[in-house]
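Hi there,

Here is the model I promised to pass on.

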Amino acid sequence: MNQVKQMLRTSAGKLRHASELINQITGLKQQAQAMTERAQRMEENRFTVALFGAFSAGKSSFANALMGDMVLPVSPNPTTAAINKIMPPTDEYPHGTVRVVLKSHESIEQDVLRSLEVFGKQAHDLTSGCEAVSSIDISDIAPNAKPHYTFLKAVIKGLPEIEKHLGQELLVDEKEFKKFVAKEEKACFADYIELYYTCPLTEQGMVLVDTPGADSINARHTGVAFEYLKNADVILFVTYYNHAFAQADREFLLQMGRVKDTFELDKMFFIVNAADLAQNDDELQDVLTHVEKNLLSCGIRHPRIYPVSSQTALLAHLHKNGKLTSSSEKIYRQRVSVNESEPLPDFHEGLKLSGLDKFEQDFLHFTIDGLAHMAVAAAEGEINRARTILAEFLDLSQQGETVREERRAHLEEERATVIQRVQAAQISSVTRFMEQERVELLYYVKQRLFLRLSELFSQAFNPSVLKDDGRNLKKTAQACLDDLLRSIGYDLAQEMRATSLRLEKVLHKEGNKRIQAWQHDVKETFHGLLLAPYTQQQIETPAVPEQLKEISTQYFQPALQAFKNPRDFFEGEGKTKMREIIEKLLQEPIDQQLAWGNQILEGVFTKAVADMWQKEQAKVEEQVDEYVNGLLAALDSNIDIAKLQAVQAELLSISTESVS
């Protein structure tokens with residue numbers, strides 16, 4: 001799998017060579033610097049592979065199969081799990097080093113207070129929050145609140161040992177690392193964990209990020225998951241063979257469906273883990289069809305789906321490396337249908353039986369033909385741009401004295417004319433277009449939210465929770481309503497994040513159009529000047545609250561009055577009545593939330609448009625100035641024509657070299 005790193009290093013070397021060739025040529029010095037900077041980015045490049053999936057989907061098992069060893073232990077309850085990053089080793093952090101970044105005191109305090117709110121408990125700090133846990137009536141905990149209770153108990157258990165280290169970074173050994181991953185009372189305090197480890201993935205310069213899971217209750221994990229969706233180079237979604245999909249899976253997949261059209265490449269791969277549980281090929285195909293239909297319902301069309309047995313793949317790796325124990329060998333023999341008297345199949349046969357080989361082939365194809373080739377193509381573009389400009393310099397330098405004198409006389413006037421054209425463009429057209437897009441996108445957010453209301457309502461008010469089991473039914477109905485409002489707040493927040501990403505895509509599209517327009521303006525006078533392509537600026541996703549603005553308990557009382565008892569609610573008209581009342585009552589709070597979100601997005605993207613315009617306009621003006629200075633130098637009779645011709649020939653040689 002070293003092709004990716006080799007391609008990038010080869011291309012970076014070509015850029016550095018080209019940069020050295022043109023560095024002393026007037027008119028190309030800025031481009032030489034840009035080449036060096038791009039080469040450095042390519043040499044340091046790390047493709048991020050983000051691993052998603054609900055708890056118990058087998059993400060850790062799949063990660064271990066990719067790495068070829070038992071690296072990650074089984075994670076704890078998803079409420080306490082941290083983000084695990086498998087990193088390429090460095091001089092500072094050699095193979096086997098583990099860096100644990102702990103949450104701050106304020107961060108864990110917010111997590112505790114937020115989970116307490118699920119039980120209607122209030123506290124003002126971490127200490128009083130931990131004390132309040134004892135007042136929770138265990139017999140009265142709704143199923144959807146149990147993860148929060150598990151988290152709170154883990155905090156109480158682990159706080160005495162870890163409190164003095166909050167907000168710090170710890171370097172720990174492998175044994176302690178496994179405790180931070182697998183023990184809830186430690187995992188709940190870890191913000192993220194970095195393991196520096198040599199394996200086929202990291203040898204390519206890739207970073208594997210194992211996320212806590214689609215069903216994590218940690219409020220920050222939603223935002224973190226979105227950032228990885230947005231910025232990761234590859235997304236791997238793992239679901240388990242015999243329970244595809246859980247509700248948490250569906251919520252996350254809906255988010256993927258919302259943003260997939262903003263990706264430059266289709267970077268998503270879907271893994272159906274434990275595929276060896278299938279009794280036969282027909283049963284396996286039924287499950288794969290079920291997965292594909294679920295993905296389609298979430299807006300994900302033509303997905304890449306791979307049935308895989310992570311355990312079989314891992315056992316194949318262990319066999320290859322001579323690490324199979326007697327018990328694991330017995331399991332492996334069962335998986336590959338080989339009895340004790342027969343030799344085990346070789347590594348490649350075992351990997352093929354696991355299904356992982358097909359995924360790895362396509363994954364490698366994507367990283368080479370997609371990600372790496374994009375980077376290489378951009379590098380080639382830099383070299384070709386330099387060749388085009390140099391060709392004009394050479395052509396001009398070889399003209400007769402009369403022609404050169406006439407051109408020299410008009411150059412400053414031409415420079416001023418081009419700069420004036422560049423500065424005459426109006427930012428207002430982009431600003432207006434962005435505003436129209438924002439208003440339209442938010443309009444559809446509201447439409448989609450109310451279309452989903454019936455589904456969210458049924459999830460919150462369901463017979464498994466709202467049943468006559470001795471608990472206070474009015475209190476349980478209130479808890480169901482609170483859960484519905486949390487779901488609506490979460491859905492709105494996800495929609496706002498997706499809207500932000502769509503607006504970002506619109507901004508980049510407008511930036512590209514603006515560069516093309518300026519290129520047209522420039523070429524009317526300077527035919528040989530090819531402008532540098534538009535550079536996408538990184539826009540931080542705005543912080544979006546995941547709850548509706550404060551609504552008094554009394555506000556929804558008319559809806560709760562529709563609940564008499566479970567039988568009337570589910571078999572009579574109580575459920576329909578309540579849903580209709582809630583839908584009417586939600587109109588104003590949703591409008592307020594969207595207006596609030598609109599203000600946030602307006603502020604972010606008004607600034608982003610201004611920054612983009614100012615940066616790109618200044619970059620074009622700098623390129624025009626440097627180009628004119630290069631032309632003036634080419635008109636100088638003292639120019640070394642032979643040297644320029646040699647550089648041009650060498651640039652041609654570089655750009656036609658194979659990058660295999």
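Let me begin with E292: at 41% relative accessibility, E292 counts as partly exposed, because that class lies between the buried limit of under 20% and the exposed limit of over 50%. Please keep in mind that this is a predicted model. E292 belongs to helix 12, which covers residues 281-297.

Now for a contrasting residue. Is L394 buried or exposed? L394 has 4% relative accessibility and therefore counts as buried, the limit being under 20%. You will find L394 in helix 16, made up of residues 356-397. Between the C-alpha atoms of L394 and E546 there are 61 Å, with the two residues 152 apart in the chain.

Next, the surface charges. Which residues gather in a patch of negative charge on the surface? They are D568, E573, E580 and E583. Of these, E583 sits in helix 22, running over residues 574-635. E583 counts as partly exposed because its relative accessibility is 34%.

Finally, something from the annotation. UniProt, in an unreviewed entry, lists residues 18-45 as "coiled-coil region".

Best wishes

Definitions and conventions. Residues are numbered from 1 along each chain as its sequence is written. This is a predicted model: local features need pLDDT of at least 70, side-chain atom pairs count only at pLDDT 80 or more; totals for chains, interfaces and linings use all residues. Side-chain values use heavy atoms; hydrogens and water are left out. UniProt positions are given in the numbering used here, feature names are shortened, and annotations may be inferred rather than shown by experiment. Patches are made of residues with over 30% relative accessible area and no salt bridge: like charges are joined within 9 Å, nonpolar side chains (Val, Leu, Ile, Met, Phe, Trp, Tyr) within 5 Å. Accessible areas come from the Shrake-Rupley method with a 1.4 Å probe; for residues, only the protein chains shown count as cover. A salt bridge is a side-chain nitrogen of Lys or Arg within 4 Å of a carboxyl oxygen of Asp or Glu. Lys and Arg count as positive and Asp and Glu as negative; His and the chain ends are not counted. The place of a charge is taken as NZ of Lys, CZ of Arg, CG of Asp or CD of Glu. Helices (H or I, at least four residues) and strands (E, at least two) are DSSP runs, numbered from the N terminus. Buried means under 20% relative accessible area, exposed over 50%, partly exposed in between (1.4 Å probe, protein chains only).
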